[in-house]
Each structure stands twice: as C-alpha cells, then as structure tokens.
Amino acid sequence: MADHLLHIDSSIQGERSVSRRLTARAARVWLAAHPDGTITYRDLGADPLPHLDADGGLARMVAPEDHTPAQAASWALTNELIDEVKRADTILLGLPVYNFGAPSTVKAWVDHLVALRLSVDPETREGLLGGRDLIVLAARGGGYAPGTPREGWDHAEQWLPHGISITGLTPRFITAELTLANVNPAMADLKPLAAESLKTAQNAIDALWEADAIAA
C-alpha cells in the first residue's frame, strides 16, 4: 500500500503565509521521497471546522443511538476527521501563532480528534492514533526563544502536545520565527535573525525524509 500524507494548513494569510510555504515545501520533499504516495489536503483557514457547541458538542458524551440530529452531524464530522488521520502515515500541520496562541481552527480540529471509541480506547484510555509522524511547521511573527523578553509567550507550541496527547499523537516541531521582521519597520534590525531562522527551518524540512529518498 502506498504511503499517505495528510497535509493541513490553517493560516489566514494566503500567499503571504510563512507556515503555508513551509508545509508546501515539506509536501514536495515528502512526495519526492515517496513518488507513489498519495496526499489528502485540508485547509482550515479557507474552510474552518465548526467549533463544538451546545447543540452538537455533547455528541462525545452521548451514545450514538441517542444522538440528536445536530449531535449526529457533529459526530459524523469527527469520524471523517479521525479517519483522515488514521489513513495517514505522515501528517503535516501548518501552525501560525495568533495573539500568542494557536488559531481557533486548529483548536477545533484537535477538539474533534479527541473522541472516545474513535481515537481513545474507552476502557484503557489509550490513544488510538499513535504510530504516525505528526510534523508541525510553525511560524511566529516575534521571537520567543529562551532569553528573549517574551520567552514562553508562544502558547501554540506549548499547548498542542498536551491538547493532542490523549489521542496518541506526538508532534515534532520545525519553527521559523521573527517572520514579521520584513514587514514591521520596528523589527528591521532583526531581519538577519529572521532569515537565519527561516533557513534553518527549510534545511530541517529538506532533511526530513532523506533516508526514504535514498531507499527509493
């Protein structure tokens, strides 16, 4: 069976998005290493998922045979999203930082992935989505590295491993930061550091599937 990639973007910035450029680069590198592979693409920025609400959100706490129509629709979407993950060997997730956190669309995606019987064993509470490579291509406009004034303010990268851990998925991050240096005059002196961060991220992406490419 051919390898399968799930490629997810979430930025609302379109062609200006750094995270979209990083995920596109990673998808090209993956496909070069897996020329017979297949790809599923989901754009959370252009086609956001519904957040869990009072009408449908309780579907996760009610037996399917007792679902209301709204709960049944929410549960069906959850099934669809979890099936996308289950079909994938590798997942690419573009993760920009908005107001120091993850886009709400990514939070909605994670909320749908956490579902007893589908992604979590109801008896053992073991995650059922493990064994897949979840690579997060993160982009943040400022600098949050150790020793900087805003160290620890990137709550997107801090939150995701915890938010998704119950499903068995473990993300690994490739991050480009200071992405606003080229458009914010107040950050002009940080352009060299921004370029260095981006290049480091690109190099890390290019090395992701070197062993697979050699084997192919």
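In this predicted model, L95 stands opposite A138 in β4. The two strands involved, β3 and β4, pair in the parallel sense over seven bridges. A138 also has a counterpart in β5, where T175 stands opposite. β4 and β5 (residues 171–177) are likewise parallel, and seven bridges join them. Between these two strands the chain passes through α4, and this β-α-β crossover is right-handed. β3, α3 and β4 also make a β-α-β unit that is right-handed.

Taken together, five strands form an open sheet with parallel pairing, in the order β2-β1-β3-β4-β5. β2 and β5 each have a single partner strand and stand at the edges, so one side of each is left without a neighbour in the sheet. From one strand to the next, the twist averages 15 degrees. Helix α5 (residues 191–206) packs on this sheet and touches β4 and β5. The direction of α5 makes about 150 degrees with that of β5.

How many of the residues of β3 are buried? Seven of its seven are, so the strand is mostly covered by the criterion of under 20% relative accessible area. In a regular strand the side chains alternate between the two faces of the sheet. In β3, T90, L92, G94 and P96 are on one side and I91, L93 and L95 on the other, and all of them are buried.

Helix α2 (residues 69–87) has 19 residues. From its first C-alpha to its last it reaches 27 Å, close to the 27 Å expected at 1.5 Å a residue. Its buried residues are Q71, S74, W75, L77, T78, L81, I82, E84 and V85. These pack against β1 (4–9), β2 (38–43), β3 (90–96) and α3 (104–113).

In soluble globular proteins, nonpolar side chains tend to be buried together. The largest nonpolar core here has 30 residues, and V85, I91, L93, W109, L113 and L169 are those with the most contacts inside it. Two or more residues come from each of β1, α2, β3, α3, β4 (133–140) and α4 (155–164). A second, separate core has 18 residues, including V18, L22, I135 and L137. L113, from the largest core, touches L81, I82, V85, S119, I164, T167 and L169, apart from residues up to four places away in sequence.

S19 is in α1 (residues 18–33), and its relative accessibility is 1%, so S19 counts as buried. Beyond its neighbours within four places in sequence, S19 is in contact with D9, S11, G94, L95, P96, L137 and A139. Q202 lies in helix α5. Is Q202 buried or exposed at 19% relative accessibility? Buried means under 20%, so Q202 counts as buried. With neighbours within four places in sequence left aside, Q202 is in contact with L22 and R25. Q202 and R20 are 182 residues apart along the chain, and their C-alpha atoms are separated by 12 Å.

Conventions:
Residues are numbered from 1 along each chain as its sequence is written. This is a predicted model: local features need pLDDT of at least 70, side-chain atom pairs count only at pLDDT 80 or more; totals for chains, interfaces and linings use all residues. Side-chain values use heavy atoms; hydrogens and water are left out. Helices (H or I, at least four residues) and strands (E, at least two) are DSSP runs, numbered from the N terminus. The expected span of a helix is 1.5 Å times one less than its number of residues. Buried means under 20% relative accessible area, exposed over 50%, partly exposed in between (1.4 Å probe, protein chains only). Contact means heavy atoms within 4.5 Å. A nonpolar core is a set of buried Ala, Val, Leu, Ile, Met, Phe, Trp, Tyr and Cys residues joined through side-chain atoms within 4.5 Å. Two strands pair if DSSP finds at least two bridges between them. A crossover is right-handed if, with the strands pointing away from the viewer, the path from the first strand over the helix to the second runs clockwise. Axes are lines fitted to C-alpha atoms, for helices over the stretch in contact, and angles run from 0 to 180 degrees between N-to-C directions.
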